[in-house]
Amino acid sequence: MVERIKKYGRYKDYYSFSCIEVKIATVITFVLIFLMFEFFSFYESFKVIESDIKQIIVVVIGGEFTLLGMSLAGMAIITSLISPEILSVINKIDREDTINRVLSHFEFSAFNFGVQISYFILIYFALISKREVIEKIPFIICSTIICYHFFFNLFYIISLIGDCIKINEIKTQSKQIASYEKTFYNIVNELRIDYLLALSLKEKGIKREQLLKDLYVMIDKSNLDDKPNIKEYLCNYYGNR
């Protein structure tokens, strides 16, 4: 996991201002921290609202377990929806390794939720231990980091919806290409079979009318569905040549 995070530079997502989730998380964190410490005296009244903070942490941990499950489910759904045939086409046309990059986003999201759940649990135990609150400056720094990480995780997983749409577009294009390749090879195979059949008929002196009769007999004896349409197709294909 760490190797893939390094390979695709996922750690840069924390501070890349080209990402909308970073911009939103930064603005919300700045506004929230400013209000908390300048207007609501969060540090001075922390002991008073400590029990409420513990309840909020418990709720957030439960919610993040749900979001962690969504990240893992997203990876499973993406990998299950893409067949080996479609994947081979995608690998031919996609030079940016989009599928693996998107999967690395889900993996990075799951990693972040795991980290945040872990330190929220540690914070919860620190709160119930009745220890003294740390100095104000370190307290503000820790609060800022925690708030930013929380909102970053929240909007990061929302942004993954766009990645899923991108994968669906690539999958649709790949299906069209795969369908075109199938049609192309079907035409080539039909030409090859027609050529071999023409040689065989010429060598054995069999006329196309006799060939159609023999084919009709074989179809009647088979368990094929829609026999009339099959006969009509063969009649149009071989009878009009």
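1. Lys-47 has a relative accessibility of 44% and counts as partly exposed, a class that lies between buried (under 20% relative accessible area) and exposed (over 50%), computed with a 1.4 Å probe on protein chains only. Its salt-bridge partner is Glu-50, with the closest N and O atoms 3.4 Å apart. Glu-50, at 7% relative accessibility, is buried.

2. On the source: this is a predicted model, in which local features need pLDDT of at least 70 and side-chain atom pairs count only at pLDDT 80 or more, while totals for chains, interfaces and linings use all residues. Residues are numbered from 1 along each chain as its sequence is written, and side-chain values use heavy atoms, with hydrogens and water left out.

3. The structure holds three salt bridges, each defined as a side-chain nitrogen of Lys or Arg within 4 Å of a carboxyl oxygen of Asp or Glu. Side chains of opposite charge can pair when their charged atoms come close.

4. A salt bridge links Lys-136 and Glu-44, with 3.3 Å between the closest N and O atoms. Lys-136 lies in helix α6 (residues 136–204) and Glu-44 in the loop between α2 (20–39) and α3 (50–81), so the pair ties together parts that are 92 residues apart in sequence. Helices here are DSSP runs (H or I, at least four residues), numbered from the N terminus. Glu-44 is exposed at 52% relative accessibility, whereas Lys-136 is partly exposed, with a relative accessible area of 30%.

5. Arg-10 and Asp-13 also form a salt bridge through their side chains, at 2.8 Å from N to O. Both residues, Arg-10 and Asp-13, are buried.

Definitions and conventions:
Helix = DSSP H or I, 4+ residues; strand = E, 2+ residues; numbered from the N terminus.
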